[in-house]
Amino acid sequence: MPPRQSDHVTLSRRALFQRTGSGMGALALTSLLEPAILQAATGAAGTAGHHFMPQAKQVIYVHLVGAPSQLELFENKPALVKHDGEPVPEELVAGQRFAFLRGELKLLGTQFKFRKCGQSGIELSDRLPHLSGVADELAIIKTIHTEEFNHAPAQLFMQTGFGRFGRPSLGSWVSYGLGSENDDLPAYVVLLTGATAGAGNSLWGSGFLPTTHQGIQFRSEGDPVLFLSNPSGIGTEQRRRIVDGIQELNRAQLVDVGDPEIATRIDQYELAYRMQTSVPELMDISREPAWVHRAYGANPGKGSFANNCLLARRLVERGVRFVQLYDSGWDHHGGVFTGIPNKCKQVDRPLAALIADLKARGLLDDTLVVWSSEFGRTPMLQGDREKVGRDHHKDAFCVWMAGGGVRGGTTVGQTDELGYYPIEDPVHVRDFHATILHLLGVDHRRLTFKYQGRQFRLTDIGGEVVRKVLA
Amino acid sequence: MPSPRSAKKAVVTVVTRRGLLVATFAISGPLSFCAALAENPRSQETRLEAAAVDYDRDVRPVLARSCFACHGPDEQQRQAGLRLDRQDAATVKLDSGARAILPENPGTSELVARIESDDADVRMPPPETTPVISPDEQRLIRRWIEQGAIYNEHWSYVQPQRPPLPQVRDREWPRNEIDYFILARLESESLAPAPEADRARLLRRVYLDLVGLPPSVEEVDRFLADSSADAYERVVGSLLDSPHYGERWARPWLDLARHADSNGYQRDGFRDVWAYRDWVVAAMNLDMPFDQFTIEQLAGDLLPDATLSQRIATGFHRSTTVNVEAGTDQEEDRFNTLFDRVNTTGTVWLGTTLECAQCHDHKYDPFGQRDYYRLLAYFNNSPLETEAGDGSRREFVGPKVTLPEPPERQQERAQLVQQRKGEKQRLDEMIAGALAEQPAWEAQMVAVVGEAETNLPPALVAALAVEPDVRTGQQQKVIRDHLLAERPEIGKLRTEMERLDKRIAALEPQTALVMQEMAEPRTTHVLERGEFLSPGEAVRPGVPEILHAVQEDGHADRLSLARWLVEAENPLVGRVTVNRWWAEFFGRGLVRTLEDFGTQGERPTHPDLLDWLAVEFVEGGWSRKAIHRLIVTSATYRQRSNVGAESHERDPHNELYARGPRLRLDAETIRDNALAVSGLLSPAIGGPPVKPRQPEGIWRVTGVVDNTYTVSNGEDRYRRGLYVIWRRSSPYPSFVNFDAPDRASCVVQRPRTNTPLQALTLLNDPVYVEAAFALAARVLRECPDDATSARARYAFRLCLGREPNDRELLLLCSVANEESARYADDHQAVRALTKGHECPAGIAPVELAAWFHVATILLNLDETITKG
């Protein structure tokens with residue numbers, strides 16, 4: 001592959017919200033990509049940036065911040081329940097480092113029941129009654145493992161493939177590779193519930209990619225996009241007149257100066273003006289019918305995970321490439337048996353509704369829905385029997401995918417009887433990344449960006465597509 | 001655009017790419033590049049045939065791209081014992097009996113046979129891996145071997161020599177040495193430079209470049225009226241002497257230093273680091289020579305009799321992020337900090353990406369893993385920067401210095417402490433008084449309890465039932481708390497004292513983070529695969545073998561490293577530094593990859609100019625201001641940038657410099673400029689960070705950290721962007737929209753994007769709305785009786801320096817007049833718009849509303865946020 005060049009000046013001409021099928025946007029975008037892609041883009045609409053036929057066009061990526069316990073939700077381990085309270089077999093933990101656990105370690109069995117669900121019969125916790133209803137859509141990877149065991153570094157690792165700051169996020173890579181399919185919205189939108197995750201805005205940052213590819217946070221309070229609202233006293237008409245004035249003077253400058261950057265700026269002012277209408281319309285979920293609100297458990301006017309799930313559907317409906325939901329509050333060092341049910345009540349119904357809703361609208365085939373966290377929880381008890389919790393666990397935890405190109409109703413990989421280590425089909429975070437890109441029609445080895453003399457990839461020097469999750 | 005000397009090669013590459021395109025289009029679906037090539041119509045004959053092949057320029061990039069991963073410096077990855085990056089190794093007889101390269105004999109060189117083979121089993125590189133070597137490149141390698149396979153060293157590792165000035169035909173144009181190099185190149189391309197920019201535009205350009213602020217209308221007028229030959233040079237001199245020069249130039253340096261006011265990661269708490277920022281500003285204003293500037297920042301603490309200022313300078317490497325998340329492995333985090341220090345040092349002073357060598361020998365550049373850990377050893381002797389705190393918390397600690405305080409501050413604190421003492425005494429007296437009455441009060445209480453149902457708390461009732469001399473501590477406390485709670489004056493005094501405590505805490509002496517050596521140095525090991533849990537061979541501090549030797553007078557410490565970096569023999573530091581400055585002025589470096597001067601980086605577009613500047617810089621005493629003066633007084637810099645579309649089409653990136661620079665301003669400067677032209681800007685320099693207005697709810701970090709954002713009072717809201725508090729997890733939002741980084745890691749060059757979020761920021765961010773009102777009010781206040789056109793002209797000149805042309809003036813006047821007419825009959829609209837904004841005395845609010853429209857238009861112009 002010919003080296004791609006990181007050209008700040010060229011990049012500056014690139015719009016935040018590019019079209020894919022046609023026009024200058026597509027050319028500008030795809031000039032970033034390798035020539036093979038450029039040819040595909042200009043030759044056939046809708047296939048910009050793909051290395052091969054995509055299964056999914058869009059992603060809704062849910063990250064549960066703090067790391068929910070896989071042992072309470074997805075991993076049924078009767079042996080762990082049977083040996084509850086007993087010391088951990090020495091060979092499992094010899095030489096291991098833990099964030100908090102010290103001294104003699106004891107096993108902790110779950111208090112929740114698991115049920116076989118759907119036709120596939122995959123097992124889910126009884127704390128997830130709604131997701132159980134769409135179990136046949138899910139492909140659960142039970143053996144994902146990461147390299148970091150503290151929140152912020154592990155969040156960075158999960159989102160950027162690197163445990164420290166400075167690399168582009170998965171969503172940015174996707175935006176860089178595939179662009180947007182909506183003229184009026186960003187390619188990569190982020191929605192939060194609760195506090196910002198420990199690693200902060202860098203989780204959706206663009207690293208060394210152009211900042212046009214960073215995730216744009218849509219907010220449930222105040223302006224949905226920062227600075228979207230006109231100042232008080234300025235209505236749509238006044239705003240139009242002001243923009244007209246700016247544009248007229250900018251056009252005169254363009255003639256005099258000849259810098260195409262001015263032409264881009266003129267376009268961006270028009271787009272900004274359109275966004276002032278399109279984004280509030282998008283964010284206004286109150287017009288959704290009541291049954292939709294009921295299905296999701298959404299409550300217009302308040303920020304909630306359910307509202308964000310509904311917004312996610314509205315975003316993918318409008319062609320937003322990568323929608324990311326963060327939900328905080330899953331760090332159960334103590335109170336795991338009370339905390340998990342509480343958090344499940346907040347996310348179980350809306351996620352199931354989202355999947356069912358996408359399916360009913362024919363969007364699920366094109367949309368990849370992902371559940372992840374930065375790591376999992378230990379099979380061992382943290383704290384005392386009064387305040388039962390689990391510590392951070394990086395060696396095996398669960399993520400799932402549903403939708404476009406995913407073989408629903410499957411599980412991939414198996415851990416030992418205590419759920420400590422993978423014993424079959426271990427999946428590294430990089431494999432997970434490679435698989436997501438693959439489903440989007442992108443070869444993770446060929447999605448590269450040259451920086452500091454090196455061709456960087458999301459998957460660095462690793463990554464194998466997890467074939468077993470593919471339909 | 002490729003470098004001049006490799007221009008022809010690039011043509012070849014482009015052709016090759018087209019070939020690929022055709023093939024790819026014909027075959028749908030996944031395909032390897034080999035398959036593509038098989039169908040690739042032969043590319044055109046190159047124009048290279050006759051030229052001498054230069055290894056570093058022509059051959060190395062091909063081998064580096066396609067071969068070095070397995071046949072390069074990395075011993076671990078080396079296949080078949082073959083190493084192609086050095087002549088001695090590449091020409092040796094291999095186990096197979098063949099030689100990869102036999103100089104002057106391409107026909108018997110195995111390398112040639114392999115890369116040209118049609119047999120997939122024989123062909124190199126293996127089809128499934130790295131990019132294939134194109135037929136043109138194959139011919140190039142053939143001819144290089146034919147010509148003797150001479151390996152010359154990579155250009156940037158060879159010490160620069162001052163090149164002679166090139167011959168130029170137009171002797172009139174050059175104003176200084178820079179111009180000879182630029183003009184020679186232009187003439188070779190049959191191009192002429194653009195005429196000099198008009199004076200008002202030029203003045204604004206040089207103001208923004210040297211002090212980051214626009215010239216006032218008076219300064220423009222004075223300059224326009226000054227017909228002396230050296231008028232411009234005198235302006236440049238005064239700008240270089242301005243205290244705002246250091247503020248302007250601190251910004252890119254602080255990006256390199258990843259300087260921020262918070263720790264980063266989870267629990268993104270705050271740290272006191274502003275003294276380091278002020279040190280940078282002061283050092284730049286003093287034009288501290290760059291060698292000293294380097295030494296003080298990397299090792300100021302190790303200088304003999306280090307001054308406080310020299311210790312504060314070492315804040316450079318205390319700016320690393322630190323994870324105080326509760327479960328952090330301290331040693332792992334310490335190594336991450338060390339890695340960052342090594343990598344940042346490599347990027348800033350050597351223009352080299354050392355990071356690869358953290359885990360293995362560098363695959364492309366001549367830096368081994370041992371080199372990496374020898375460098376790391378220089379930094380491995382500083383004390384821990386986190387420690388376990390209460391419970392599961394970790395605390396950010398590490399060496400600090402206490403800053404001198406102004407006497408008023410000391411006095412104020414002493415006075416508050418005194419006041420608190422008095423109040424404490426009063427409180428004690430009140431409590432004693434209350435307790436004296438306890439028996440009587442208790443009797444009363446008991447009576448109340450005895451009488452009937454009470455709503456007294458059960459704990460109190462229970463405690464009262466116990467005989468006084470057998471009550472537990474807890475019971476005594478319950479009674480006492482209740483007694484005291486009945487005296488409101490006690491509660492009030494306590495609240496007052498808490499308030500005092502806060503004020504006293506805020507006046508505690510301030511500190512700065514510094515570097516410091518431990519008495520007992522740590523041993524540094526090479527870390528296998530970069531894993532801190534896998535220490536290998538122990539290493540002593542040392543510098544990369546490929547570069548000049550380090551001078552050690554018995555010590556191998558940060559000071560010897562710092563001195564080594566700025567020795568005149570260092571082939572990189574001068575080039576890397578002047579190149580970064582060049583990019584600040586012109587938008588891109590003479591070497592486009594500012595962060596990488598290694599073999600994978602770009603070659604300079606004007607190699608002789610780069611070397612000339614580097615030598616001038618080092619030999620001229622490392623003066624930043626001298627180089628800046630040279631650049632801004634050159635004819636190259638003084639060219640017009642408004643030269644029409646044709647010039648942009650011919651040279652989109654202005655690589656040949658046939659026109660002046662035209663670049664969007666950086667985030668902070670856009671805000672500074674808006675505040676300056678509207679008259680809001682505070683000129684105050686230095687001090688703790690400030691908090692201008694930002695939308696609610698931006699700070700919402702996890703964990704035990706204060707997320708309250710209290711907007712600064714008074715002029716602190718209008719300080720320059722340099723002083724705005726920088727929280728890594730959520731930097732100031734309008735800066736983020738204009739490409740400011742999170743400052744969590746070293747950033748050499750910010751991108752320059754052009755997005756709708758930028759339009760929304762300038763149109764609606766309350767800071768810019770306020771600036772637009774202030775600009776409108778300023779125009780109305782300063783031109784109270786003038787006609788619309790005079791006001792419009794003044795407003796325009798405030799923003800852009802130059803005079804408006806007729807069309808521009810007409811548009812602004814018609815906006816003012818039409819909006820005045822609209823608002824004249826609509827007082828409600830006027831009130832809605834102008835509410836909360838000050839209207840100058842004697843000016844009708846209708847006018848303010850109308851001129852707000854004009855001001856908003858002006859502040860949003862592309863030209864306003866551009867240096868042109």
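Biologist: How do H11(B) and H27(B) run, roughly parallel or roughly antiparallel to each other?
Modeller: In this predicted model, the axes of H11(B) and helix H27 (residues 624-633) of chain B cross at roughly 150° and come within 11 Å, and H11(B) and H27(B) therefore count as roughly antiparallel. Angles under 35 degrees are called roughly parallel, over 145 roughly antiparallel, 65 to 115 roughly perpendicular, and the rest oblique. Axes are lines fitted to C-alpha atoms, for helices over the stretch in contact, with angles running from 0 to 180 degrees between N-to-C directions. Helices (H or I, at least four residues) and strands (E, at least two) are DSSP runs, numbered from the N terminus.

Biologist: And which residues meet there?
Modeller: From H11(B), B:Glu233, B:Val236 and B:Leu240 meet B:Lys625, B:His628, B:Arg629, B:Val632 and B:Thr633 of H27(B), where contact requires C-beta atoms, placed from the backbone, within 7 Å. These residues divide into 3 nonpolar, 2 polar and 3 charged, with Ala, Val, Leu, Ile, Met, Phe, Trp, Tyr, Cys and Pro counted as nonpolar, Asp, Glu, Lys and Arg as charged, and the others, Gly among them, as polar.

Biologist: What is the handedness of the crossing of H11(B) and H27(B)?
Modeller: The crossing of H11(B) and H27(B) is right-handed; a crossing is right-handed if the near helix is turned clockwise from the far one by less than a right angle, and left-handed if anticlockwise.

Biologist: Before we go on, what should I know about numbering and confidence?
Modeller: Residues are numbered from 1 along each chain as its sequence is written, while chains are lettered from A and ligands numbered from 1 in the order in which they are written. As this is a predicted model, local features need pLDDT of at least 70 and side-chain atom pairs count only at pLDDT 80 or more, whereas totals for chains, interfaces and linings use all residues.

Biologist: Back to H11(B), at what angle does it pack with H9(B)?
Modeller: Helix H9 (residues 199-210) of chain B and helix H11 (residues 231-241) of chain B pack at an angle of about 20°, with 10 Å between their axes, and that makes H9(B) roughly parallel to H11(B). H9(B) passes H11(B) in a right-handed crossing. The contact brings B:Leu203, B:Val206, B:Tyr207 and B:Leu210 of H9(B) together with B:Val235, B:Val236, B:Leu239 and B:Leu240 of H11(B), and the residues of this contact divide into 8 nonpolar, no polar and no charged.

Biologist: What about H14(B) and H24(B), at what angle do they cross?
Modeller: The axes of helix H14 (residues 290-299) and helix H24 (residues 558-565) of chain B cross at roughly 155° and come within 9 Å, so H14(B) and H24(B) are roughly antiparallel to each other, and their crossing is right-handed. The residues of the contact of H14(B) with H24(B) divide into 7 nonpolar, 1 polar and 2 charged.

Biologist: Switching to chain A, how many bridges join S2(A) to S3(A)?
Modeller: Strand S2 (residues 114-117) and strand S3 (residues 122-125) of chain A run antiparallel and are joined by 4 bridges, where pairing needs at least two bridges found by DSSP. A:Cys117 has A:Ile122 as its bridge partner in S3(A). The hairpin has 4 residues between the strands, and A:Gly118 takes a positive phi near 60° there.

Biologist: Last one: how many residues of chain B are in contact with chain A?
Modeller: There are 87 residues of chain B in contact with 77 residues of chain A. On the side of chain B that touches chain A, H31(B) gives the most, with 7 residues, and that side divides into 27 nonpolar, 39 polar and 21 charged residues.

Terms used: Two residues are in contact if their C-beta atoms, placed from the backbone, lie within 7 Å.
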